[in-house]
Amino acid sequence: MPETSTILFILWAVMLGGVGGGLTTIGPWYKNLVKPSWQPPDWLFGPAWTLILGLGAWAGILAWDGATTDAERTSIIILYAVNFVFHFLWSPLFFNLRRPDWALIEVVFLWVSVLALFIGLRPYSVFASWLIVPYLSWVSFAAVLNLKIVRLNKPFGKAQ
């Protein structure tokens, strides 16, 4: 039987992937946005997030196992909880509210939360910290893509 910590981090990944995917509507509004030529194809985002969040869950498990006190484990839970909130917020802002400009502001907080995971997990497991690098890289790329979409399509917030 898996440990509670393993279940917790797998749930973190599954919920972010499932809810994020569920809140991502690739409809006419999105399809009509002008996007840069270097944007990956839409089909790539699901597998990329699956891999990235799986690595993030593995990192959490390794860090948890490396932590020796309840305070250290609480710190890890806080890092993942903060990241969960900021990760969760981006898709509804971009896709549901159709506000890539707001999502661009929010992605800064998401990026900082991923950087905090990278730094915060390191004392418990250097390998766990490195497992966060694809997440940090992808969010960095997504932020640049978000910025480009905003620049190509602004202003937002007008009546549709």
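## Helix α3 and its cover

The buried residues of α3 are covered by elements that include α1, α4, α5, α6 and α7. Here, buried means under 20% relative accessible area, with exposed over 50% and partly exposed in between, using a 1.4 Å probe and protein chains only. Helices are DSSP runs of H or I with at least four residues, numbered from the N terminus. This is a predicted model, in which local features need pLDDT of at least 70 and side-chain atom pairs count only at pLDDT 80 or more, while totals for chains, interfaces and linings use all residues. Residues are numbered from 1 along each chain as its sequence is written, and side-chain values use heavy atoms, leaving out hydrogens and water.

Which residues of α3 are buried? They are A48, I52, L53, L55, G56, A57, A59, G60, I61, A63 and W64. The expected span of a helix is 1.5 Å times one less than its number of residues.

## Helix α7

Helix α7 covers residues 133-153, and its 21 residues should span 30 Å; the end C-alpha atoms are 30 Å apart, in agreement. Its buried residues are Y135, L136, W138, V139, A143, L145, N146, I149, V150 and N153. They pack against α1 (4-22), α3 (42-66), α4 (70-96) and α5 (100-121).

## The nonpolar core

A nonpolar core is a set of buried Ala, Val, Leu, Ile, Met, Phe, Trp, Tyr and Cys residues joined through side-chain atoms within 4.5 Å. The largest one has 44 residues, and W12, I76, Y80, F94, L121, I132 and Y135 touch the most other members. At least two residues come from each of α1, α2 (28-31), α3, α4, α5, α6 (126-131) and α7. Helix α3 gives the most, with 9 residues.

Take I76 as a guide: leaving aside neighbours within four places in sequence, I76 is in contact (heavy atoms within 4.5 Å) with F9, A63, W64, A67, L121 and Y124.

## Aromatic rings

Rings of Phe, Tyr and Trp (its six-membered ring) pair if their centres lie within 6.5 Å; planes under 30 degrees apart count as stacked, over 60 as edge-to-face and the rest as tilted. The count comes to 18 aromatic pairs. One of them joins W12 and Y80 edge-to-face, 4.9 Å centre to centre with 80 degrees between the planes. Because W12 lies in helix α1 and Y80 in helix α4, this pair ties together parts 68 residues apart in sequence. Both W12 and Y80 are buried. F9, W12, W49, W64, Y80 and Y135 form one aromatic cluster.
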